[in-house]
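Please keep the sequence and the structure in view while reading.

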Amino acid sequence: MSQVILSNRQAEELHKALLAYLLANNLTKTAATMREELSIPPEFDDDKARKYGGILEKKWTSVVRQIMQLETQARSLQSELDNATPTSLSRRTQDPASWLPRSPARHTLQSHREPITCVAFHPVFSSLASGSEDYTIKLWDWELGELERTIKGHTKAVLDVDFGGPRGGTLLASCSSDLTIKLWDPSDDYKNIRTLPGHDHTVSAVRFIPSGAAGAPSSGELLVSASRDKALRIWNVTTGYCVKTIRGHADWVRTVCPSTDGRFILSAGTDQTGRLWDISPSNPETKLTLIGHEHVIECCALAPTASYPHLASIAGLKKAPPASSTAEYMATGSRDKTIKLWDARGTCIKTLIGHDNWVREMAFHPGGKYLLSVADDKTLRCWDLSQEGKCVKVLNDAHNHFVSCLRWAPTIVKDPIANSSVENDANGSKSVPAEQIRCVIATGSVDLYVRIFAN
């Protein structure tokens, strides 16, 4: 005798779904026979059967989709096993500088009702902010995979979020299609402490500028925003005033990235150019213009000093630039499906080809060896800079729809005293202590999910 798997209620629901399927396909004789053999009461008439219409097909396609996802994961894991050696496996578990994300994600976070546009990690706590076209910002505990709170305030889509601000006074900044930037205080239940109006169109991106900007007294208090009004604005978050407006782009500025010392800003957008700005003088000036993409540039990133040796090798140099220089190499990702790597002269040193759709976001690995990217082809790709930018890993099942954003959890910054033992490498660059790198990334997608990939 076969074991009964379904409960009586589940069996009854299945029978009704089967009957609805038969009736929907005009198999009336078979439906009548089924009614008789299963003693389905006459009150379950054609009208009630219509309510069960399509359930069987939906369940079937859902099962097939899950099988396909499992097969993709199995192929990915098999590929990792085939390419692994005992040495590489032990190194991977010990060295955060070699860690790369793998499927499945540790957490899949769901609460947003519209596509997710942006994610950002708190620099200290296990909090992650996500913004969405549903006008809200959600705060998650990425370690537990739980929703902490929902922030409402914007009246249109939230397009970017970022944590930062004065030392010991971390703030959350957000920007929106409603033309505003808002500042929220995590220490006061994420109260909206300030709204910054000034842009004349959609505000696409917002980033805190790290302290140390040419010794400015407002170090740690500056924020940069990019807008469809073709301008970049720099704000003092303490006073709420716009202290500089930067113009030069010929169209929508979609993305912005400040250097770690706060001296430079890299921006890019619809005019298909990237621009590196020196913001230390009172009148910011364009240091470089990056020309080469054939479509809108969606994302940009300044390379960490840890990646200089690898990028210098790609550029054909024998010696890497000094770590004291913070804008020696940069990357841009475009709707032309490519990622371009650039040097400080504005020369494209490498074009990374592999994505099958718009490249949406990138992040350099804190260890310096890799560049990660996500795109509308639903994948997350890992490019090895020590192998001329070769694509060494693809997560084909990163999301079920366009992947819109990617962030790496910020490196844990320790006291300078604790860092005094860090030695300079052969190129004079300070290597990042392995224990400081957090092997955690977050991605967001049009599929309404935020995913956490962690070691």
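Strand β20, residues 338-343, pairs with β21 in the antiparallel sense over five bridges. Strands here are DSSP runs of E of at least two residues, helices are runs of H or I of at least four residues, and both are numbered from the N terminus; two strands count as paired if DSSP finds at least two bridges between them. Within this pairing, Ile339 has Leu352 of β21 as its bridge partner. The model is a predicted one, in which local features need pLDDT of at least 70 and side-chain atom pairs count only at pLDDT 80 or more, while totals for chains, interfaces and linings use all residues. Residues are numbered from 1 along each chain as its sequence is written, and side-chain values use heavy atoms, with hydrogens and water left out.

Both strands belong to an open sheet of four strands, ordered β18-β19-β20-β21 with antiparallel pairing. Its edge strands are β18 (297-302) and β21 (348-353), each of which pairs on one side only. Neighbouring strands of this sheet are turned by 20° against each other on average, direction ignored; the axes are lines fitted to C-alpha atoms, and angles run from 0 to 180 degrees between N-to-C directions. In a regular strand the side chains alternate between the two faces of the sheet.

Residues 324-343 are 0% helix and 60% strand, with end C-alpha atoms 16 Å apart. Residues 352-386 are 0% helix and 54% strand, and their end C-alpha atoms lie 13 Å apart.

A further set of pairings involves β28. Strand β1 (residues 107-110) runs antiparallel to β28 (residues 449-454), joined by four bridges, and Thr108 stands opposite Arg451. Strand β27 (residues 440-445) also runs antiparallel to β28, through five bridges, with Val440 opposite Ala454. β27 and β28 form a hairpin with three residues between them, and Leu448 in the turn has a positive phi of about 75°.

Together with Trp60 and Met68, Val64 makes a nonpolar surface patch of about 340 Å². Patch residues have over 30% relative accessible area and no salt bridge, and nonpolar side chains are joined within 5 Å, like charges within 9 Å; a salt bridge is a side-chain nitrogen of Lys or Arg within 4 Å of a carboxyl oxygen of Asp or Glu. Accessible areas come from the Shrake-Rupley method with a 1.4 Å probe.
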